[in-house]
Protein chains: 2
Amino acid sequence: MNKKGLAILMRTRMKPNSPVNPTKFPISLATTGYYGLSSEDRCKLLMVLGKDYDLNRTHVHDLMKQYLGLQLPGDKGEIGDEDDSSLSTFYRTEKNLRHALQPTYEVLFDRLNTHPGGLKFLSVLRADILSTIREHNTPSLRALDSYLKEKLITWLSPAALELHRITWNDPASLLEKIVAYEAVHPISSLLDLKRRLGVGRRCFGYLHPAIPGEPLIFIEVALLKDVAQTIQEVLWDDPPILECDATCALFYSISSSQPGLTGINLGKFLIKRVIELVKQDMPQICTFATLSPIPGFMRWLISKLALQSKLAEADTLERSCSSKETAGSAFREDVLTTEEESQVLDKLGVSTSRKNGIEVILELLKSPNHEWSKSDEVLSVLKPILLRLCARYLLQEKKRGKALDAVANFHLQNGAMVESLNWMADRSEKGLSQSSGIMVNYIYRLDNIEGNAQSYFSSGRVSAASNLWRLVEQIQLAPR
Amino acid sequence: MNKKGLAILMRTRMKPNSPVNPTKFPISLATTGYYGLSSEDRCKLLMVLGKDYDLNRTHVHDLMKQYLGLQLPGDKGEIGDEDDSSLSTFYRTEKNLRHALQPTYEVLFDRLNTHPGGLKFLSVLRADILSTIREHNTPSLRALDSYLKEKLITWLSPAALELHRITWNDPASLLEKIVAYEAVHPISSLLDLKRRLGVGRRCFGYLHPAIPGEPLIFIEVALLKDVAQTIQEVLWDDPPILECDATCALFYSISSSQPGLTGINLGKFLIKRVIELVKQDMPQICTFATLSPIPGFMRWLISKLALQSKLAEADTLERSCSSKETAGSAFREDVLTTEEESQVLDKLGVSTSRKNGIEVILELLKSPNHEWSKSDEVLSVLKPILLRLCARYLLQEKKRGKALDAVANFHLQNGAMVESLNWMADRSEKGLSQSSGIMVNYIYRLDNIEGNAQSYFSSGRVSAASNLWRLVEQIQLAPR
């Protein structure tokens, strides 16, 4: 099975899934090989690849013992006094170790990469590895994934990527990819697509020579007078202003076309390059901003509220039985301020049987068809509360030192700052479900991009407008 | 000095040396940094980089001891019985070791490669390292060079290279590169260049997105009725036949534009791709051949003859003093056959005072202005001798298992075979000096390319036409 499996992989003829440029794919490719395997067989093959084609550990052990037996070169002296032969041995052994620590599947990846269609195939392979891991999360598969990811990062270095402005003059085979992979604001029709590429808008993609006609990632830009606060200001049919009057380039969508490139941040370089290009073409543009979704806000908020509600209930119950501190207390926190608590109970509590603010909000947010968003009174009470909690979510909620929200993490690590939150900026079903309709503007300030990215990377510090920081600091929370 | 030196490198603003495509180089680049350093300072900086920015060996040692202390995973069982936590530790430590064994300058290379102009800069850097090594051949510089070479190989994988047919419609800035870097048959004028790109000829180059407008390597092709045997048949002014009558694509020149890519074989993939492309465009072409120089033949032959002449002299002298075997004998060999020896002495010996064939030939070949090539009598005697020795040189003379001749090694490792030798095929000063005017046809047979390359790689076996093998085998050498 093993050798045969590897042979199948080596024989993969890498079926191109679109008409190909003959200078890139000069031979007609058969459709057999890996692509002909069922997903179950692919999974088996990948598990064998990860497990049986990694390192020759005996060889690694031998080399290590040999290396540890060598005399470490002493304190470095002046240039010229290197002891040639012993140093040469050192460098040679280190090089041998580097090679011995490369898994056997490295050879497969390298060889595939030199084949026409190979890079695309490796991206498919990684997507398959990721989906196999979802079912069989073994250390060897994780190591396989991690290694292939590192290789892909090397091959997809920004130096190898071409920035391409996508226009209506591009081949239909490329444009259909834009329609298929647009992940933020789906493109409904050909006319819609034409508008996205027309006057007042720009679309840029990163192309790799080995994957022609298929942008790996693309970004859509609207040229505006000011930073847009709602999605309606961006998805117009006719341009609201002349391009020459625009002072803001608004990134309103960024999408990746390759599931196999998950976790490889190509967007960072794309955004920087697009900013430089737009600035060169239209020097009057001085603001580069996004209007972004907050995909994780409601999920976080509802589970946070539900937990606190549960803990409060348990607390009350236990407190009635004993006078001791209760078990759940360590996780209890005050989510609402005193003022918010009373506002909610006074104005919204009457219609429910709930006895505290958290439960009232929970019930409202979970109401079917987002009923809460249709009442002006509910909206006016919830607006300041949800905006404050959303600021807290974006600025303070972390996982392993990074922003919990994936989109926030993306822009923050690219060097953006959180500029402002926009109430009812996206009233679509998706917008209400994900973030109670709130959207956020991130801003890229050319002078601060590197600094912001660096401080976010090293300390997790989120750059944000001072009014947003004020929303989350120095607030008086309601006592339990 | 060290930190400052590194800072200079990091600040390299990578001056582009040609007008650049604004989508690739959107910002104006300063001319300071590394490019502003004198060659002496560059040399110092590179030595510091190689010596002081390699590995943290203490860290490597610690990790190795930790690794050697781990229990090796036992015999591999069935899928599913992995011991998760101990295996995870294994894979993690291996990954950490891989990273620890990467020199510090890896970071610099990676970072430079993400900058616009960075790849070109790294190629310049490697050229500087190579020239520094010529003066200061230290182990750390060799390790630096070897590491950067490996990185460049990864970044310049064929997947990242675009095959471009170079035509008269290309920008002048690209065409001037062709004129500047053509290494085999210099281009004399604009008209000459136009002819190289015109009817009956093709020119293809490999371009990398990060080094726009500058083919890293390019190849020139002539479309002919038969395999050309002299350079005059190739460098015509007017096409000798209609393109549709051509059955042979003759590669008559291949040149690299980047001294920093020395030792990185981009030509191998280029030739394969060009063959596939030409075959697709013109199915009637069934022969893919080269007409190639033999740059090392005369150098090898003259030193071989001179050595044998010296050894023979010493031999005679010693033999007259004692009856023992002489010291030099081990290196003595018979270069000429009995018949050749007598031919040379009979027909050419009279005009010289020399007493054996080798000395006569040596004197002739060293004659000023290649006088020997102007006499029909001399030519007729030397022709079979030089052709036979040239076949021996190409088919049998090796260095570390590879053909001694650099051009032969290039084509043989790409999978070509030596097809025929052509007498007086290049009568230019360069042709006579390098190879006594002999040129060689290598042939790429589509069915044998992989097989030839493989057997040359694994056993050093040179594929050649049978009549050439007959020239070097089963010959009767003149007795001493």
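Buried means under 20% relative accessible area, exposed over 50% and partly exposed in between (1.4 Å probe, protein chains only). The model is predicted: local features need pLDDT of at least 70, side-chain atom pairs count only at pLDDT 80 or more, and totals for chains, interfaces and linings use all residues. Residues are numbered from 1 along each chain as its sequence is written, chains are lettered from A and ligands numbered from 1 in written order, and side-chain values use heavy atoms, without hydrogens or water.

**Leu394(A) is buried in chain A.** Its relative accessible area is 1%. Leu394(A) sits in helix H14 (residues 376-396) of chain A; helices (H or I, at least four residues) and strands (E, at least two) are DSSP runs numbered from the N terminus. Beyond four places in sequence, Leu394(A) touches residues including Ile294(A), Val418(A), Val440(A) and Val462(A), contact meaning heavy atoms within 4.5 Å. Asn409(A) is 15 residues away along the chain, with 9.0 Å between its C-alpha atom and that of Leu394(A).

**Asn441(B) lies in strand S9 (residues 439-444) of chain B.** Asn441(B) is buried, at 1% relative accessible area. Its side chain comes to 3.0 Å from the backbone oxygen of Ala228(B).

**Chain A and chain B are related by a turn of 179°.** With a shift of 0.0 Å along the axis, chain B lies on chain A with an RMSD of 0.1 Å (least squares on C-alpha atoms of residues with pLDDT of at least 70 in both copies). This is the relation of a two-fold axis. The same surface serves both copies, as 100% of the contact residues of chain B recur in chain A.

**The contact takes 67 residues from chain A and 67 residues from chain B.** About 6000 Å² is buried between the chains, with carbon and sulfur atoms giving 60%; this is the accessible area (1.4 Å probe) lost on being put together, summed over both parts. In chain B, Lys51(B), Arg57(B) and Tyr91(B) lose the most area to chain A, together 11% of what that side buries.

**Glu150(A) and Lys95(B) form a salt bridge between the chains.** The N to O distance is 3.9 Å. A salt bridge is a side-chain nitrogen of Lys or Arg within 4 Å of a carboxyl oxygen of Asp or Glu. There are four salt bridges between chain B and chain A.

**Glu106(A) pairs with Lys151(A) in a salt bridge.** The closest N and O atoms are 3.0 Å apart. The pair links helix H5 (residues 105-114) to helix H7 (residues 139-155) of chain A, across 45 residues. Glu106(A) is buried at 8% relative accessible area. Lys151(A) is buried too, at 11%.

**Glu340(A) forms a salt bridge with Arg388(A).** Their closest N and O atoms are 2.8 Å apart. Glu340(A) lies in helix H12 (residues 338-348) and Arg388(A) in helix H14 of chain A, so the pair ties together parts 48 residues apart in sequence. Both residues are buried.

**Lys374(A) forms a salt bridge with Glu371(A).** The closest N and O atoms are 3.7 Å apart. Lys374(A) is exposed, at 55% relative accessibility. Glu371(A) is partly exposed, with a relative accessible area of 43%. Elsewhere, salt bridges that share partners join Glu182(A), Asp192(A), Arg196(A) and Glu220(A) into one network.

How values were computed
Buried area is the accessible area (1.4 Å probe) that two parts lose on being put together, summed over both. A polar contact is a pair of N or O atoms within 3.5 Å; within protein, one must be able to donate a hydrogen and the other to accept it, and residues adjacent in sequence count only if both atoms are side-chain atoms.
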